[in-house]
Amino acid sequence: MANLSSILLSKIHPSCAVWEITLRCNSKCIHCGSDAGSTRSDELTTSEALNLVKQIRDSGYKGVALMGGEPLLREDCLEIGKEIKQQKMQLSIITNGIILERYLKEIKNIETDCVTLSLDGGTAKTHDYLRGSKGSFNNTMRLIALLKQHQIPVSIITTVNKLNLKELNMIKNMILDSQIAWQIQIAIPIGRFPRELVISREEFYALALFIEVNYRKYKYKRLPLIGAHCFGYFSRYIHHLALSPWIGCQAGFSTLGIQSNGNIKGCLTLPDDYIEGNIRDESLKDILIRLRKRKSVPRGYCQSCDVFKECKGGCLGTSLALESFENPYCLRAIENSFIAQNKNQKKTKTEAKSARLNNLLKIFN
């Protein structure tokens, strides 16, 4: 008999295709998962890209996020964007902002639904170091103001690591009451990002608490905060911070990853072992049929977890990237380790929980 999560998963509709339209980039972010820089030799032609837009629509996706590399370095980026809008899908552009200003008029004219910038530090020193570009912080803040002036919806993404974790309150205070959506995600050791800058499991739990506390403290209108799918799962104390209810990794279901040469993955964070096909060889619909037949297989800690049937192992990309770490980045697993420590120290459940949460939140003071 099918469990509840399987039933719910069968009712999930395609939502957003994330499309890396070029690997070419004019920045050198240290946490770039694609290790972007140079153009792929076999990137899709304009004709192939426009045909793919129609296939994305026919597969039921409601929106497309164009990213790179730097998507605006591809000459036909906004031609592809215009076709996405003509096919009645939402369009978002994820950009480093370096050449954004010269395209603002056209971006507004094609009725882009959102432009997303990265804000990876509360100070110029941290942000500029992580983005590999001096002056990037000041330019990003200027572009946020410019986009709002042109009435183009803007959102920001913060990729959290050991260097910027303590600056999240600074970022929050900069965007509070500004109607800027804020997605928080963790940096994982893929592409260029060094393993030693990945936040610890306790810092990961503290970050989830930070998101939860601010969910409760501010109405969504004041702080439209979003936890990415890397946060979870089935905590005893923290609500689901991304998909609620969490019913398993959405790679290939509500989300889709497309590489600039037409390779299809469930999600772009997945390694190339998970390329399911290429749109030059077969239709997107056929690739999706095969991709969605993949089953969640419990690995490591998940094999003995009491909620695996519902959780299905969490975000697959995050899980695979952090697999070499000794213990999983999972809220429930972390709580289980806390509980075991408390038993050894003979603390009451209430005392232990209160002390632990207070200590974790001190990271952001």
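Gln151 is exposed, at a relative accessible area of 66%, where exposed denotes over 50% relative accessible area, buried under 20% and partly exposed the range in between (1.4 Å probe, protein chains only). The structure is a predicted model, in which local features require pLDDT of at least 70 and side-chain atom pairs count only at pLDDT 80 or more, whereas totals for chains, interfaces and linings use all residues. Residues are numbered from 1 along each chain as its sequence is written, and side-chain values use heavy atoms, with hydrogens and water left out.

Backbone geometry is considered next. Gln151 has phi near 60 degrees, a positive value in a residue other than glycine. Gln151 is placed in the loop between H6 and strand E5 (154-160); helices (H or I, at least four residues) and strands (E, at least two) are DSSP runs, numbered from the N terminus. For Gln179, phi is likewise near 60 degrees, a positive value in a residue other than glycine. The loop that holds Gln179 runs between H7 and strand E6 (181-186), and Gln179 is exposed, with a relative accessible area of 55%. A cis peptide bond links Gly68 to Gly69, with omega near 25 degrees. Gly69 belongs to the loop between strand E2 (63-67) and helix H3 (77-86).

Helix packing was examined for two pairs. The axes of helix H5 (residues 124-131) and helix H6 (residues 136-149) come within 7 Å and cross at roughly 100 degrees. H5 is therefore roughly perpendicular to H6. Here axes are lines fitted to C-alpha atoms, for helices over the stretch in contact, and angles run from 0 to 180 degrees between N-to-C directions. Angles under 35 degrees count as roughly parallel, over 145 as roughly antiparallel, 65 to 115 as roughly perpendicular and the rest as oblique. On the H5 side the contact involves Ala124, His127, Asp128 and Arg131, and on the H6 side Ser136, Phe137 and Thr140, contact being defined as heavy atoms within 4.5 Å. Two nonpolar, three polar and two charged residues make up this contact by class. In this scheme Ala, Val, Leu, Ile, Met, Phe, Trp, Tyr, Cys and Pro are nonpolar, Asp, Glu, Lys and Arg charged, and the others, Gly among them, polar.

For helix H7 (residues 168-175) and helix H8 (residues 201-217), the axes come within 12 Å and cross at roughly 25 degrees, so that H7 is roughly parallel to H8. The residues that meet are Leu168, Asn169 and Lys172 in H7 and Leu207, Phe210, Asn214 and Lys217 in H8. By class, the contact of H7 with H8 comprises three nonpolar, two polar and two charged residues.

Two further helical residues were characterised. Arg332 lies in helix H12 (residues 331-345) and counts as buried, at 14% relative accessibility. With residues up to four places away in sequence not counted, Arg332 touches Tyr233, Phe234, Arg236, Tyr301, Cys305, Asp306 and Val307. The side chains of Arg332 and Asp306 make a polar contact (3.1 Å). Such a contact is a pair of N or O atoms within 3.5 Å; within protein, one must be able to donate a hydrogen and the other to accept it, and residues adjacent in sequence count only if both atoms are side-chain atoms. Lys105, by contrast, is placed in helix H4 (residues 104-109) and counts as exposed, at 65% relative accessibility. The C-alpha atoms of Lys105 and His150 are separated by 8.6 Å, the two residues being 45 residues apart along the chain.
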